[in-house]
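Q: Can you walk me through this one? I'm new to it.

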Amino acid sequence: MSVGMKTVKMVVAVVVAIYIAQLIGLENALATGIITILTLLDTRRASREISRVYLTATVLAFGIATIVFWIFGFEVWAFGLYLLLFVPLAYRFKLSAAIAPVSVLVTHFYIAESLVWTWHLNGLFIMLIGSGAAMLANLWMPGQVPLLQEMLGEVEAQFRDILSSIHDRLLENVLDAGRLKSDLKHIESAIDSLNQLALDEYDNQLLTKDNYYIEYATMRSRQLSILERIIDSLPNINLQTEQNQKLAQLFRLTSEEFDQSNSGFDLLTTLSQLYAYYRNTALPQTRQEFESRAILYHILIEFERFLEIKSDFYTQTTLK
């Protein structure tokens with residue numbers, strides 16, 4: 001959601017909350033707007049959670065303040081004693097986010113020098129109306145699926161580039177390690193952004209929960225770790241052989257078919273055929289050939305896991 005849309009939603013929610021507070025005759029009605037601002041978070045789940053924290057903390061704080069002011073009177077040091085008791089309990093029960101707004105409501109007792117039940121109701125209604133207005137405003141939350149798909153496409157385009165670069169390195173004894181490392185960092189950042197947006201979208205779902213994009217980001221992150229290990233192995237390949245060419249063809253084919261809708265089953269079949277080819281070729285004749293073949297075989301094993309991760313993801317998501 002854009003900053004402009006967030007601003008409009010906040011302004012509407014705050015104004016409505018204050019008008020409702022004024023309509024029912026609450027004292028300090030503007031405080032309702034402040035509670036609305038503090039409760040209007042980026043996701044519905046976050047707003048619900050902070051509302052629960054505020055309401056629970058309000059009951060606790062009002063109870064402590066009532067006892068302290070009733071015994072010691074409306075003194076500044078009595079308010080300090082209230083804080084001395086309330087703050088540790090707020091941290092103990094994970095209500096620390098509510099310390100400031102709830103303590104502002106407690107000052108209403110101090111200013112009025114009264115503990116009558118109407119002041120307690122006034123504070124509770126301020127909290128209820130403010131948090132309620134925020135949660136109602138968050139019912140309007142535009143879906144992020146189009147943006148998620150766009151970000152997903154960017155991640156896949158970057159993966160295709162990396163796979164293509166590995167293909168080129170296997171055919172040519174040239175590797176720009178610095179550029180590849182930079183590309184890997186960009187993909188990692190893109191996956192993190194996708195995952196964060198996917199988490200926000202998941203938290204905004206009310207009736208049905210779909211975590212496809214969260215699982216997708218996790219899957220690509222696991223694949224990225226494998227590509228990092230493969231790229232670390234590439235500088236140790238010093239010979240250009242037919243085995244290099246065969247493996248390079250697999251990376252090129254994967255790059256061309258790299259897509260969220262690809263099950264990876266056909267690519268795993270091709271990889272199995274490559275395994276058979278490696279087993280049936282003549283044994284290396286020199287130490288250098290042996291070392292090069294071993295690295296190629298290691299890359300093949302790693303890449304098999306790369307494809308299996310995608311095929312497992314495809315199977316799991318299509319069965320839901």
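**Helices and their packing**

Q: Which residues of H6 are buried?
A: The buried residues of H6 are Trp119, His120, Asn122, Gly123, Ile126, Met127, Ile129, Gly130, Ser131, Ala133, Ala134 and Ala137. Buried means under 20% relative accessible area (1.4 Å probe, protein chains only). This is a predicted model, where local features need pLDDT of at least 70, side-chain atom pairs count only at pLDDT 80 or more, and totals for chains, interfaces and linings use all residues. Residues are numbered from 1 along each chain as its sequence is written, and side-chain values use heavy atoms, with hydrogens and water left out.

Q: How far does H6 reach?
A: H6 has 21 residues and reaches 30 Å from first C-alpha to last. That is close to the 30 Å expected at 1.5 Å a residue. The expected span is 1.5 Å times one less than the number of residues.

Q: At what angle do H3 and H6 pack?
A: H3 (residues 44-72) and H6 (residues 117-137) pack at about 175°, with axes 10 Å apart. That makes H3 roughly antiparallel to H6 (angles over 145 degrees count as such).

Q: Which residues make the contact?
A: From H3, they include Tyr54, Leu55 and Phe62. From H6, they include His120, Leu124 and Met127. Contact means heavy atoms within 4.5 Å.

Q: Now H4. Which of its residues are buried?
A: Ala78, Tyr82, Phe86 and Ala90 are the buried residues of H4.

Q: What covers them?
A: The cover includes H3 and helix H5 (99-112).

Technical notes. Axes fitted to C-alpha atoms, helices over the stretch in contact; angles between N-to-C directions. Helix = DSSP H or I, 4+ residues; strand = E, 2+ residues; numbered from the N terminus. Parallel < 35°, antiparallel > 145°, perpendicular 65-115°, else oblique. Buried < 20%, exposed > 50% of the residue type's maximum accessible area, 1.4 Å probe, protein only.
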